[in-house]
Structure formats: C-alpha cells, structure tokens
Amino acid sequence: MSVNTKLTLSVDAAVIRRAKAFARQRSKSLSRLVEEYLRFVSTESEHSPPISSRVLAVADSLNLPPGATYDHLKEQYLRDKLLGGERAQDTD
C-alpha cells in the first residue's frame, strides 16, 4: 500500500493552465498526470531493451545537438508531449 504525500511546486501560471487542460482532455487530474510523469522519468533505464544497430544508424543521422543525452532528449520529448511544447529553462 502506498501513501500519498503532498508536494508543493512553483510553476509558471501559463504552464499550469495548459497542463490542466491537457489533463482534462485525458480525464485525469493534474496530480495524477504529474505522478505518472515523475514515475516515468524516475524509472531505471536498465530495464529498457537493447538498441539495435539499425536504430543507432538512424540516430547517428539525426544531427543531435552536442552533448545531447538520452535522458535530456526523453525529458524534452515528454515536456513537448505533456505540456504542449512548453520548455522549461535549464537552471543548473
């Protein structure tokens, strides 16, 4: 049995509006949407299937930005998908 814990976040108001609309369209609460996102990004990638040589060849042809990592690209994809293209500014 898991116990829900409250979490306070500071998020741009426009992002919240879009995220709430996105959640409504999918008949989910914003809390559920955030939980699913956090569960997804915090899952160990060691359970991912191996990448075939064909996929690697395609990836090499994509002209990715220097220093791009799988985790960065995955996060960027999820932001686009879940927040309608909103990109958070890197703060590190």
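Helices (H or I, at least four residues) and strands (E, at least two) are DSSP runs, numbered from the N terminus. By that rule, this protein has four helices and zero strands. The elements run α-α-α-α from the N terminus on. The model is predicted: local features need pLDDT of at least 70, side-chain atom pairs count only at pLDDT 80 or more, and totals for chains, interfaces and linings use all residues. Residues are numbered from 1 along each chain as its sequence is written, and side-chain values use heavy atoms, with hydrogens and water left out.

**Overall figures**

- The protein has 92 residues, and 10% of them count as buried. Buried means under 20% relative accessible area, exposed over 50%, and partly exposed in between (1.4 Å probe, protein chains only).
- Contact means heavy atoms within 4.5 Å. Among contacts with a separation of 6 or more, 48% join residues 24 or more positions apart.

**The nonpolar core**

- A nonpolar core is a set of buried Ala, Val, Leu, Ile, Met, Phe, Trp, Tyr and Cys residues joined through side-chain atoms within 4.5 Å.
- The largest one has five residues: F22, A23, L33, L78 and L82. Helices α1 (13-25) and α4 (70-83) each supply at least two residues of this core.
- L33 is in contact with A19, F22, A23 and L82, leaving aside its neighbours within four places in sequence.
- In soluble globular proteins, nonpolar side chains tend to be buried together.

**Helix α2 against α4**

- Axes are lines fitted to C-alpha atoms, for helices over the stretch in contact, and angles run from 0 to 180 degrees between N-to-C directions.
- The axes of α2 (residues 30-41) and α4 come within 11 Å and cross at roughly 165°. The two helices are therefore roughly antiparallel to each other. Angles under 35 degrees count as roughly parallel, over 145 as roughly antiparallel, 65 to 115 as roughly perpendicular and the rest as oblique.
- The crossing of α2 and α4 is right-handed. A crossing is right-handed if the near helix is turned clockwise from the far one by less than a right angle, and left-handed if anticlockwise.
- On the α2 side, L33, Y37, F40 and V41 make the contact; on the α4 side, K74, E75, L78 and L82 do.
- These residues divide into six nonpolar, no polar and two charged. Ala, Val, Leu, Ile, Met, Phe, Trp, Tyr, Cys and Pro count as nonpolar, Asp, Glu, Lys and Arg as charged, and the others, Gly among them, as polar.

**Helix α1 against α4**

- α1 and α4 pack at an angle of about 70°, with their axes 9 Å apart. That makes α1 roughly perpendicular to α4.
- V15, R18, A19 and F22 of α1 meet K81, L82 and L83 of α4 in this contact.

**From α1 to α2**

- S27 lies in the loop between α1 and α2. S27 has a positive phi of about 55°, although it is not a glycine. With 72% relative accessibility, S27 counts as exposed.
- S29 lies in the loop between α1 and α2. S29 is partly exposed, with a relative accessible area of 39%. S29 and A19 are 10 residues apart in sequence and 9.7 Å apart in space, C-alpha to C-alpha.
- K20 has its place in helix α1. K20 is partly exposed, at a relative accessible area of 42%. The C-alpha atoms of K20 and S31 are separated by 9.5 Å, and the two residues are 11 apart along the chain.
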